[in-house]
Amino acid sequence: MVRPLDPPERMLLGPGPSDVSPAVLQAMARPTIGHLDPAFLQLMDELRGMLRQLFGTRNELTLPMSGTGSAGMEACLVNLVEPGDRVVVGVSGVFGGRMAEVARRAGAEVEEVQTPWGRAIDPDDLRVGGHAKLLCVVHAETSTGVLQDLAPLRAVADELGALLVVDAVTSLGGLPVELDAHGVDAAYSGTQKCLSCPPGLAPLSFSVRAQEVLKARRSPVQSWYLDLSLIGKYWGAERAYHHTAPINPIYGLHEALRQVLDEGLEARFERHRRNARALRAGLEAMGLELPVPAAERLDPLTLVSIPDGVDDGRVRRALLDEWGLEIGGGLGAFKGKAWRIGLMGASSTRRHVTTCLAALADVLGRGGHPLAGDPLAAASAQY
Ligand SMILES: *Cc1c(COP(=O)(O)O)cnc(C)c1O
């Protein structure tokens with residue numbers, strides 16, 4: 001006999017998923033209805049309106065793709081790239097590298113603009129001459145905890161004659177995104193980072209210009225499942241069946257977006273700022289180093305160096321087993337060298353910050369790495 005499901009209770013402070021609020025889980029447990037039921041169609045329209053507010057856009061083609069954030073990335077690239085197109089990608093971590101790989105698989109001639117991990121890309125480095133179809137960047141690089149300022153990028157994209165494509169997976173709902181103000185043509189996100197919803201949907205938005213590029217394709221979109229010219233007809237006025245919408249996950253996203261707007265975007269961003277400030281103060285008081293320069297740090301995700309002689313796996317295991325607390329390990333250049341602590345959505349609270357600092361201090365202290373100072377006092381001083 002297989003025992004009934006009984007997942008442990010965790011405090012999720014990794015790079016996603018983040019803690020999900022009970023109201024979102026309850027929304028997902030409501031009765032499933034048909035994907036063309038008038039009640040569902042109304043919910044779809046409300047959801048799209050809320051997504052536009054979060055993205056800061058008037059884009060008609062704004063909807064949640066079925067699949068996680070990576071499905072959003074793939075959707076942006078396969079709909080806009082045709083074989084032979086030149087695509088410039090800013091790569092400063094895992095997710096920029098992934099965009100480059102997806103674009104290559106779609107047949108693009110990819111030019112990667114590399115920057116050392118833990119730093120933002122200098123916009124001037126993206127001025128690589130000659131026409132490009134797309135300029136792709138990651139707004140919030142979750143593998144390094146680095147924020148890429150979007151403000152200067154429209155001008156660079158214009159020089160290249162390119163559409164500006166932005167990964168907003170870790171920024172949406174935690175940092176201002178403002179697609180229209182920054183002249184972004186295509187952007188995608190995910191539900192399990194700052195939206196605090198279970199993973200499974202990928203909010204996406206295409207500008208009029210991006211839609212024109214899609215319409216003018218010489219070849220059909222290589223992926224039938226992710227073809228936005230077809231999916232747009234289901235989410236638009238025609239309501240034409242393409243694939244069955246994931247009904248209950250969409251209930252969850254509807255509730256999560258409602259909560260974001262109920263809190264207010266500015267208040268939510270300020271909450272993320274305040275808790276990130278307190279976490280950093282606590283970590284530094286413990287004598288831990290934050291490798292990302294202060295001006296480039298991401299509020300939803302903090303990169304912290306693992307001190308010499310500390311066993312990465314042992315510490316994370318003790319946090320999980322003894323404190324029920326999950327933080328992220330390092331990726332790529334930071335594998336075994338840094339931890340990633342996420343304060344995203346419902347996981348960005350003073351309680352999460354304090355518990356995380358106390359747990360880390362406890363586990364490091366017992367492992368023979370006593371602390372330099374008092375992390376809790378340093379964090380409290382920020383509130
Ligand atoms: C998490 C993440 C992704 C991938 O999302 P999945 O939901 O894991 O598919 C892409 N880009 C960034 C910046 C991310 O943080």
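Before looking at helix pairs, I wrote down the handedness rule: a crossing is left-handed if the near helix is turned anticlockwise from the far one by less than a right angle, and right-handed if clockwise. I also noted that this is a predicted model, where local features need pLDDT of at least 70, side-chain atom pairs count only at pLDDT 80 or more, and totals for chains, interfaces and linings use all residues. Residues are numbered from 1 along each chain as its sequence is written, and side-chain values use heavy atoms, with hydrogens and water left out.

**Entry 1: H10 and H11**

I took helices (H or I, at least four residues) and strands (E, at least two) as DSSP runs, numbered from the N terminus. My axes are lines fitted to C-alpha atoms, for helices over the stretch in contact, and angles run from 0 to 180 degrees between N-to-C directions. Helix H10 (residues 312-323) packs on helix H11 (residues 350-366) at about 120°, and their axes are 10 Å apart. That makes H10 oblique to H11; angles under 35 degrees count as roughly parallel, over 145 as roughly antiparallel, 65 to 115 as roughly perpendicular and the rest as oblique. The crossing of H10 and H11 is right-handed.

I then listed who touches whom, with contact meaning heavy atoms within 4.5 Å. From H10, Arg314, Val315, Ala318, Leu319, Glu322 and Trp323 meet Thr355, Ala358, Ala359, Leu360, Asp362, Val363, Leu364 and Arg366 in H11. By class, the contact of H10 with H11 has nine nonpolar, one polar and four charged residues. Here Ala, Val, Leu, Ile, Met, Phe, Trp, Tyr, Cys and Pro count as nonpolar, Asp, Glu, Lys and Arg as charged, and the others, Gly among them, as polar.

**Entry 2: H8 and H9**

Helix H8 (residues 247-263) meets helix H9 (residues 265-285) at an angle of about 90°, with axes 5 Å apart. H8 and H9 are therefore roughly perpendicular to each other. In H8, I found Val260, Leu261 and Glu263 touching Leu265, Ala267, Arg268 and Arg271 in H9. The contact of H8 with H9 has four nonpolar, no polar and three charged residues.

**Entry 3: the ligand**

Which residues are around the ligand? I counted a residue as near if one of its heavy atoms lies within 4 Å. The residues are Thr68, Gly69, Ser70, Phe95, Val138, Ala140, Thr142, Asp167, Val169, Thr170, Gln192 and Lys193.

Next I looked at the N and O atoms. An N or O atom in the side chain of Thr142 is 2.3 Å from an oxygen atom of the ligand. Asp167 has a polar side-chain atom 2.7 Å from a ligand nitrogen atom, and Lys193 has one 2.7 Å from a ligand oxygen atom.

The peptide bond from Gly16 to Pro17 is cis, with omega near 5°. Pro17 sits in the loop between strand S1 (11-13) and helix H1 (22-28).

Glu178 is not a glycine, yet its phi is positive, about 50°. I found Glu178 in the loop between strand S8 (163-167) and strand S9 (186-188).

Technical notes. Polar contact = N/O pair within 3.5 Å; in protein donor to acceptor, adjacent residues only side chain to side chain.
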